[in-house]
Amino acid sequence: MNRTIIALGLLACSTHIAAQDVNIYTPGTDEGIVYFLPKTALEVNIIATRISYQPGELCQYANRYLRMNNVNPQPETYWEIKQIDVRSIGVPDSTKAYIIKLKDKSTLSNIELTENGIAKAINTTFPKEYEQQQGYELEKSLPHESTRKYMTEEILMAGSTAKMAELTAKEIYNIRESKNLILRGQADTMPKDGASLKLIMDNLDKQEKALTQMFAGTTDREDKVFTLLVTPEDNTKDKIVLRFSRLLGALSTDNLAGDPIYISMSSTAPIPAPTDDSKKKKKPEGAIYNIPGKGNISVSYQGKKYFEKDLPITQFGSTEVLVNELFNKKINTRVVFNPETGAILKIDKD
């Protein structure tokens, strides 16, 4: 089925054959261009941060020499939820498949489809400015500065770890004193201009950070996105979509090692569904499109609400028809659809 849809989509984009009628598609019964309306799936994205801590070589002396309390002497790796985002995406609705019959005196068959057969535009091309931005800016740790290259000969030749800690701490305090003298304008040799000042201060900051890591340790943070799809259902309350553990990260819903992540949803702007009588009277004689409703979506974890927003939900809406007369070659009507919802984004004509 998927291969057939893609082939038909390519035909639609590359030809300008006239068409007139649109009917409900029944496989094997008609010839023409098949397209789908989308139905909504909720894409739930959990952006979690994996935090890895490695203690410094001199961590046991951190409090004695630098007054750094609570430095953990043991390596540790754990997870934190950084963000939860929900997006409304469109997937082909098998119950809303239509076929455009190829006939004369119409531009309706000049239709652009997505890769999975959803209508994007009629008698025009889908504008790039309507394309949704994908992806997230993910945090990733950079390589840590080598501490050895900032150690003095005296530090490197120290006969014990305790002596190395004492000398390293003194070097840190010397660097801080140099920074203070420069900032106060009391240094023996002052930078000639602002660029030189910045370069010197950046180098001193880099040295101080590298040497301090020998006491405080290093922490790496790396983001990862966990994605799952949820089918919208009205009046859903606290449905478990995933579990999350500080030690293990994202887990399946049946893994009790993690606490549940809940999703709730309810229709906020439903479109009344047509009655059975109106369905019988209305025959699809034109371009069929969606009028999506709206649903309030919220996601929570451990009592904290990470996401709440109204999103378009096609299942909470209805469908309508752009009649064939709009696509007469004399009128030249152009329509752009939202491939995620099937709604009209733009319509104009000559």
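The model is a predicted one, and every value below was computed from it. A search of the whole structure finds five aromatic pairs, and a count of cavities of 30 Å³ or more comes to one. Strand β10, which spans residues 286-301 and pairs with β11, is largely enclosed by the rest of the structure, because 12 of its 16 residues are buried.

**Aromatic pairs**

- Among the five aromatic pairs found in the whole structure is the one formed by Tyr 35 and Tyr 98, whose rings are tilted, with 5.8 Å from centre to centre and 35° between the planes.
- Tyr 35 belongs to strand β2 (residues 33-54) and Tyr 98 to strand β3 (residues 76-100), so this pair ties together parts of the chain that are 63 residues apart in sequence.
- Both Tyr 35 and Tyr 98 are buried.
- The rings of Tyr 61 and Tyr 65 are also paired, and because their planes stand at 40° with the centres 6.2 Å apart, this pair is tilted.
- Tyr 61 is buried, and Tyr 65 is buried as well.

**Charged groups over rings**

- Arg 246 places its charged end over the ring of Tyr 78, at 4.1 Å from the ring centre.
- Lys 304 has its charged end over the ring of Tyr 306, at a distance of 4.7 Å from the centre of that ring.

**Strands β9, β10 and β11**

- Strand β9 (residues 259-267) runs antiparallel to β10 and is joined to β10 by seven bridges, and within this pairing Ser 266 has Asn 296 of β10 as its bridge partner.
- Strand β10 (residues 286-301) also runs antiparallel to strand β11 (residues 304-323), and 15 bridges join these two strands.
- Along the pairing with β11, Ile 291 has Ser 318 as its bridge partner, while Lys 294 stands opposite Pro 312.
- The hairpin of β10 and β11 has two residues between the strands, and in this hairpin Gln 302 takes a positive phi near 50°.
- Val 323 is part of strand β11 and is partly exposed, with a relative accessible area of 41%.
- The C-alpha atoms of Val 323 and Ile 288 are separated by 8.7 Å, although these residues lie 35 residues apart along the chain.

**Strands β12 and β13**

- Strand β12 (residues 333-337) pairs with strand β13 (residues 344-349) in the antiparallel sense, over five bridges, and Arg 334 has Asp 348 in β13 as its bridge partner.
- These two strands, β12 and β13, form a hairpin with six residues between them, and Gly 342 in the turn has a positive phi of about 85°.

**Cavity and pocket**

- The largest cavity has a volume of about 30 Å³, and its lining consists of Leu 37, Pro 38, Ile 118, Ala 119, Ile 288, Phe 337 and Gly 342.
- By class, six of the residues that line the largest cavity are nonpolar and one is polar, with no charged residues.
- By class, the lining of the second largest pocket has five nonpolar, six polar and three charged residues.

**Asparagines with positive phi**

- Most residues other than glycine have a negative phi.
- Asn 70, which is not a glycine, has a positive phi of about 60°, and its place is in the loop between α2 (62-66) and β3.
- Asn 70 is exposed, because its relative accessible area is 81%, and exposed residues are those over 50%.
- Asn 123, also not a glycine, has a positive phi of about 65° and is found in the loop between β5 (119-122) and α3 (153-156).
- Asn 123 is buried, because its relative accessible area is 13%, and buried residues are those under 20%.

Notes. Residues are numbered from 1 along each chain as its sequence is written. This is a predicted model: local features need pLDDT of at least 70, side-chain atom pairs count only at pLDDT 80 or more; totals for chains, interfaces and linings use all residues. Side-chain values use heavy atoms; hydrogens and water are left out. Rings of Phe, Tyr and Trp (its six-membered ring) pair if their centres lie within 6.5 Å; planes under 30 degrees apart count as stacked, over 60 as edge-to-face and the rest as tilted. Helices (H or I, at least four residues) and strands (E, at least two) are DSSP runs, numbered from the N terminus. Buried means under 20% relative accessible area, exposed over 50%, partly exposed in between (1.4 Å probe, protein chains only). A charge sits over a ring if NZ of Lys or CZ of Arg is within 6 Å of the ring centre and within 35 degrees of the ring normal. Ala, Val, Leu, Ile, Met, Phe, Trp, Tyr, Cys and Pro count as nonpolar, Asp, Glu, Lys and Arg as charged, and the others, Gly among them, as polar. Two strands pair if DSSP finds at least two bridges between them. On a 1 Å grid over the protein atoms alone, a cavity is a set of points where a 1.4 Å probe fits but cannot get out, and a pocket is an open set with protein on both sides within 12 Å along at least five of seven lines; lining residues have an atom within 4 Å of a point. Grid points are joined across faces, edges and corners, and a volume is the space filled by probe spheres set on the points.
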